[in-house]
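Here's a quick briefing on an annotated site and the ligand shell. Have a look at the structure first, then read on.

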Amino acid sequence: MAHVNTAVHQSATVLRITEIFYSLQGEARTVGRPTVFVRLTGCPLRCVYCDTAYAFTGGTMMALTQVISEVAAYQPRYVTVTGGEPLAQPACLPLLSALCDAGYEVSLETSGALPVQAVDPRVVKVLDLKTPASGEAHRNDYRNVSCLAPHDQVKFVVCDREDYEWARFKLDEYSLADRVGDVLLSPSHEQLAPRELAEWILADNLPVRLQLQLHKLLWNDEPGH
Ligand code: SF4
């Protein structure tokens with residue numbers, strides 16, 4: 001039994017990390033703010049437009065305490081835990097709580113496919129709802145919607161008009177604009193012109209925020225930014 005307990009203990013305190021880096025927040029409500037990103041390795045989804053496929057495999061095993069001290073070295077105010085799909089690693093939950101305990105404003109970028117119920121309530125969840133054109137809409141776990149708090153955010157990456165109409169329907173079906181502080185609509189890079197999405201939003205007077213990915217404009221999506 002002692003052997004089993006050790007394995008459980010390790011899985012809760014060790015993480016596979018693709019990268020830890022300091023950059024400007026590229027998305028969501030804190031866009032433009034200096035932020036430390038902790039990118040966890042691995043994702044069970046395969047969205048057609050994925051821009052972080054380099055985080056699917058590889059990475060370095062790190063103790064949770066080591067991750068916390070690397071983050072602290074940047075003396076940040078904001079920390080974003082991302083992936084891949086960070087919640088695919090059990091130690092993501094204690095990591096999020098430890099970052100909150102350390103006094104940072106912490107956000108979590110998650111695909112919406114894995115349960116968010118156990119995420120520390122101090123964490124701002126940025127929850128994707130995967131649209132039909134992502135190829136992964138069947139993975140959305142809609143039970144997550146009832147776990148959202150007013151400080152959380154919902155994001156749709158929109159690839160085409162059909163995706164837009166789908167997002168509009170979900171916005172209404174789950175009263176998302178009343179449930180969370182921001183509903184973000186982001187045009188899929190090189191698939192939908194931002195201006196087109198902007199015009200659709202205005203024409204329908206949608207209670208959402210158009211989001212352009214700042215890190216793509218600044219650094220063309222190079223890893224480490
Ligand atoms: S959930 Fe995110 S990391 Fe995973 S495949 Fe989709 S876009 Fe890529």
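UniProt positions use the numbering given here, feature names are shortened, and annotations may be inferred rather than shown by experiment. Residues are counted from 1 along each chain as its sequence is written. The model is predicted, so local features need pLDDT of at least 70 and side-chain atom pairs count only at pLDDT 80 or more, while totals for chains, interfaces and linings use all residues.

**The annotated site**
- An unreviewed UniProt entry marks Tyr49, Cys50, Asp51 and Gly84 as "binding site".
- These residues span 36 residues in sequence, yet no two of their C-alpha atoms are more than 12.9 Å apart, so they gather at one spot.

**Tyr49**
- You'll find Tyr49 in the loop between strand S2 (34-40) and strand S3 (60-63); strands (E, at least two residues) and helices (H or I, at least four) are DSSP runs, numbered from the N terminus.

**Gly84**
- Gly84 sits in the loop between strand S4 (78-82) and helix H3 (92-101).
- Gly84 counts as buried, having 26 C-beta neighbours inside 10 Å.

**Around the ligand**
- Residues near the ligand (C-beta atom, placed from the backbone, within 6 Å of it) include Cys43, Cys50, Gly84 and Ser111.

Technical notes:
Buried ≥ 20, exposed ≤ 12 C-beta atoms within 10 Å, placed from the backbone.
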